[in-house]
Amino acid sequence: GTHVAEIAAASGGIFGIGKGANIISMIVIPNGTTTSDVILIKRAINWCANHAEEYNISVITISIGSVNTYSYECDSLYTVMTNAINNAVANNIPVTIGTGNAGSSTGISFPSCVANALSVGATNKDDYLAPYSNYNQFVKVFAPGTYIHSTCLNGGYCYNTGTSMATPMVAGAIAILQQYVGLTGNLLTPSEMENLLFQTGDPILNLPDSWKRINIYNAVMTDLIDLDGDFLINGSDLAIL
């Protein structure tokens with residue numbers, strides 16, 4: 001959890017993707033255990049959706065997944081989870097979830113297989129598909145997940161690998177997009193944000209163009225506006241952003 005949170009938002013000794021974004025952490029793995037369950041995760045998602053306006057919650061990220069993989073949209077598997085994700089999306093809160101680390105090209109873990117989840121696969125830092133990453137036709141966006149440097153629970157910094165590391169990178173990118181579209185007075189739905197990240201993403205070198213590695217700079221530059229009022233759209237507007 002510490003490692004994931006700082007990938008999304010660190011602003012100290014290292015910078016996260018959404019540098020300085022505020023974080024609300026929801027405990028879904030009980031103390032002394034290493035697993036969660038559907039009810040705990042459902043409650044956490046619903047809490048975020050129901051308190052979104054109060055705390056300005058703009059994205060939820062979940063780096064938890066089942067051992068089993070699913071080649072279909074699994075909305076009927078646990079309807080309480082599906083309803084929670086749908087509730088968040090209805091409140092314009094994307095829910096990024098890691099696809100899992102079994103190396104499958106046909107199935108992804110639950111709950112990333114829920115239709116309205118924004119499922120995230122992992123690349124290596126050289127923009128090749130990470131061999132451990134699950135993905136299938138329902139996955140659009142990837143982010144680096146291999147040997148990612150971030151904070152550690154007991155202090156200092158360490159490296160971790162997995163779609164759990166790629167997922168908060170996408171969440172941090174969405175935090176930037178959410179703030180930016182707010183400045184423009186526009187609104188992007190979660191599916192529109194996913195499509196924008198896909199359309200402006202970079203190729204994954206050993207996959208077809210059906211999958212992309214996110215490029216938040218490209219995503220912002222596609223719709224950059226005149227923020228400084230000089231009637232020019234250029235680097236000074238990006239600096240303000």
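At what angle do helix α1 and helix α5 pack, and how far apart are their axes? In this predicted model, the angle is about 35° and the axes lie 7 Å apart. Helix α1 covers residues 2–9, and helix α5 covers residues 163–184. Their crossing is right-handed. From α1 come His-3, Val-4, Ile-7 and Ala-8. They meet Ser-164, Met-165, Pro-168, Met-169 and Gly-172 of α5. By class, this contact has six nonpolar and three polar residues. No charged residue takes part in the contact of α1 with α5.

Next, the cysteines. A search of the whole structure finds two disulfides. With the bonded cysteines numbered in sequence order, the pairing is 1-2, 3-4. Cys-48 has a relative accessible area of 7%, so it is buried.

Cys-74 has a bonded partner, Cys-113, and their sulfur atoms are 2.0 Å apart. The torsion about this S-S bond is about 90°, so the disulfide is right-handed. What does the bond tie together? Cys-74 sits in the loop between β2 (69–70) and α4 (79–90). Cys-113 sits in the loop between β4 (108–109) and β5 (118–123). The pair therefore ties together parts that are 39 residues apart in sequence. Both Cys-74 and Cys-113 are buried.

The other bond joins Cys-152 to Cys-158, with an S to S distance of 2.0 Å. Are these two cysteines buried or partly exposed? The cut-off for buried is under 20% relative accessible area. Cys-152 has 19%, so it counts as buried. Cys-158 has 22%, so it counts as partly exposed.

Now the aromatic rings. The count comes to six aromatic pairs. One of them is Tyr-147 with Tyr-159. Their ring centres are 4.0 Å apart and their planes are at 10°, so the pair is stacked. Planes under 30 degrees apart count as stacked. This pair links distant parts of the chain, twelve residues apart. Tyr-147 lies in the loop between β6 (141–144) and β7 (148–151). Tyr-159 lies in strand β8, residues 157–160. With a relative accessible area of 40%, Tyr-159 is partly exposed. Elsewhere, Tyr-135, Phe-142 and Trp-211 form one aromatic cluster.

Terms used: Residues numbered from 1 in each chain as written. Predicted model: local features only at pLDDT ≥ 70, side-chain atom pairs only at ≥ 80, totals over all residues. Heavy atoms only, no water. Disulfide = S-S within 2.5 Å. Helix = DSSP H or I, 4+ residues; strand = E, 2+ residues; numbered from the N terminus. Buried < 20%, exposed > 50% of the residue type's maximum accessible area, 1.4 Å probe, protein only. Axes fitted to C-alpha atoms, helices over the stretch in contact; angles between N-to-C directions. Left-handed = near helix turned anticlockwise from the far one by under 90°. Contact = heavy atoms within 4.5 Å. Nonpolar A, V, L, I, M, F, W, Y, C, P; charged D, E, K, R; others polar. Phe/Tyr/Trp six-rings, centres within 6.5 Å; stacked < 30°, edge-to-face > 60°.
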